[in-house]
Amino acid sequence: MNNSRRTFLITSIGVASTLALSRQAFADAPKVAESDPTALALGYKEDASKVDKAKYAKYVAGQDCGNCSFYQGKATDAYAPCPMFAGKQVASKGWCSAYNKKA
Ligand code: SF4
């Protein structure tokens, strides 16, 4: 095996295990509680239909984390990370006032 092929293989293995690790970390990340201070500040609800509509008049039915540009999962993922809640996962059916419709 020549050196560049060996380097390529070692790099590939490194990348693959890093991906596997971050996928694992992602699955283990705790879910955001509605009592979390950031959740309270942003009006986050696990169930978008429970959003305080009087307080958050910008909320429109049909908006949820799953169709927000900040949601870091696939539309089919029930929970995924969101940069508003570092190290935690939000519900795809959730909502917060930082909602931004995915283009
Ligand atoms: Fe959900 Fe978007 Fe708020 Fe994150 S920013 S919690 S994905 S609505």
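Let's start with the strands: β1 (residues 79-82) and β2 (residues 85-91) run antiparallel and are joined by four bridges. Strands here are DSSP runs of E with at least two residues, helices are runs of H or I with at least four residues, and both are numbered from the N terminus. Two strands pair if DSSP finds at least two bridges between them. Keep in mind that this is a predicted model, where local features need pLDDT of at least 70, side-chain atom pairs count only at pLDDT 80 or more, and totals for chains, interfaces and linings use all residues. Residues are numbered from 1 along each chain as its sequence is written, and side-chain values use heavy atoms, with hydrogens and water left out.

Within that pairing, tyrosine 79 sits opposite alanine 91 of β2. How exposed is methionine 84? With a relative accessible area of 28%, methionine 84 is partly exposed, because that label covers values between buried (under 20%) and exposed (over 50%), using a 1.4 Å probe and protein chains only. Beyond its neighbours within four places in sequence, methionine 84 is in contact (heavy atoms within 4.5 Å) with Thr38, Leu42, Phe70 and Ala98. Its C-alpha atom is also 9.0 Å from that of alanine 39, which is 45 residues away along the chain.

Now for the charges. Side chains of opposite charge can pair when their charged atoms come close. The whole structure has four salt bridges, each being a side-chain nitrogen of Lys or Arg within 4 Å of a carboxyl oxygen of Asp or Glu. One of them joins lysine 45 to glutamate 34, with the closest N and O atoms 3.9 Å apart. This pair links distant parts of the chain, eleven residues apart: lysine 45 is in the loop between α2 (37-42) and β1, while glutamate 34 is in the loop between α1 (3-28) and α2. Lysine 45 is partly exposed at 27%, and so is glutamate 34 at 33%.

Another salt bridge connects lysine 50 and aspartate 47, whose closest N and O atoms are 3.3 Å apart. Here lysine 50 counts as exposed at 56%, whereas aspartate 47 is partly exposed at 31%. Aspartate 77 pairs with lysine 74, again through a salt bridge, with 3.9 Å between the closest N and O atoms. In this case aspartate 77 is buried at 14%, while lysine 74 is partly exposed at 48%.
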